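This report describes a predicted model. It covers strand pairing and a helix contact.

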Amino acid sequence: MPHRLEIALKPELVDAEGEGIRRKAGDYFGITVTRVRTVQILTIDAALSADQLAAVQTEIFTNPVTQTSSYDPLPVPFDWSIWVGYRPGVRDNPGSTAVEAIEDLLKIRFAREEAVFTSKRYCLEAQGLSFAAMERIAGELLANDIIQQWRIIP
């Protein structure tokens with residue numbers, strides 16, 4: 001059963017990646033976005049126990065000083081959310097590295113059919129924008145259409 005770990009900067013910290021996206025949307029396309037927060041997502045498709053998942057979360061993937069994380073969706077406010085992940089068949093190098101880190105920490109080996117998939121969720125606060133504006137941001141700022149896919153959630 002897959003487990004989805006979401007990781008984000010603490011709300012009081014500046015999200016530099018999100019701020020860059022916000023500025024580019026305005027500078028490149030004239031699209032006014034109030035705020036962008038990024039959420040890293042690890043989908044762990046492996047038979048791990050609750051204790052193992054907790055160790056993976058706290059000992060590898062979450063910096064307790066600057067980040068918050070959860071296996072439940074993080075409550076990041078948004079008017080639009082854009083999810084970006086690798087297309088099927090494209091090698092997910094960060095996911096492969098995550099597998100190695102988990103195996104090293106837990107002293108296990110993933111089965112052939114087990115894996116970790118990485119993706120990102122962009123939470124945009126932007127009143128009154130159209131789906132077409134979000135498509136433009138997703139397709140021209142956030143994703144490379146050759147290797148990535150995206151979903152837009154209002």
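## Strand pairing around β5

V36 has L124 of β5 as its bridge partner. The strand that pairs with β5 over eleven bridges is β2, residues 35–45, and the pairing is antiparallel.

β5 also pairs with β4, residues 80–86, again in the antiparallel sense, here over six bridges. V84 stands opposite K120 of β5.

## Burial of β5

Strand β5 spans residues 115–125, and eight of its eleven residues are buried, so the strand is largely enclosed by the rest of the structure. Buried here means a relative accessible area under 20%. In a regular strand, side chains alternate between the two faces of the sheet.

## Packing of α2 on α3

Helix α2 covers residues 50–61 and helix α3 covers residues 93–106; the two pack at an angle of about 115°, and their axes are 10 Å apart. Because angles of 65 to 115 degrees count as roughly perpendicular, α2 is described as roughly perpendicular to α3. The crossing of α2 past α3 is right-handed.

On the α2 side the contact is made by Q52, A55, V56, E59, I60 and F61. The α3 side contributes A98, A101, I102, L105 and L106. By class, the residues of this contact comprise nine nonpolar, one polar and one charged.

Terms used: Residues numbered from 1 in each chain as written. Predicted model: local features only at pLDDT ≥ 70, side-chain atom pairs only at ≥ 80, totals over all residues. Heavy atoms only, no water. Axes fitted to C-alpha atoms, helices over the stretch in contact; angles between N-to-C directions. Helix = DSSP H or I, 4+ residues; strand = E, 2+ residues; numbered from the N terminus. Parallel < 35°, antiparallel > 145°, perpendicular 65-115°, else oblique. Left-handed = near helix turned anticlockwise from the far one by under 90°. Contact = heavy atoms within 4.5 Å. Nonpolar A, V, L, I, M, F, W, Y, C, P; charged D, E, K, R; others polar. Buried < 20%, exposed > 50% of the residue type's maximum accessible area, 1.4 Å probe, protein only. Pairing = 2+ DSSP bridges.
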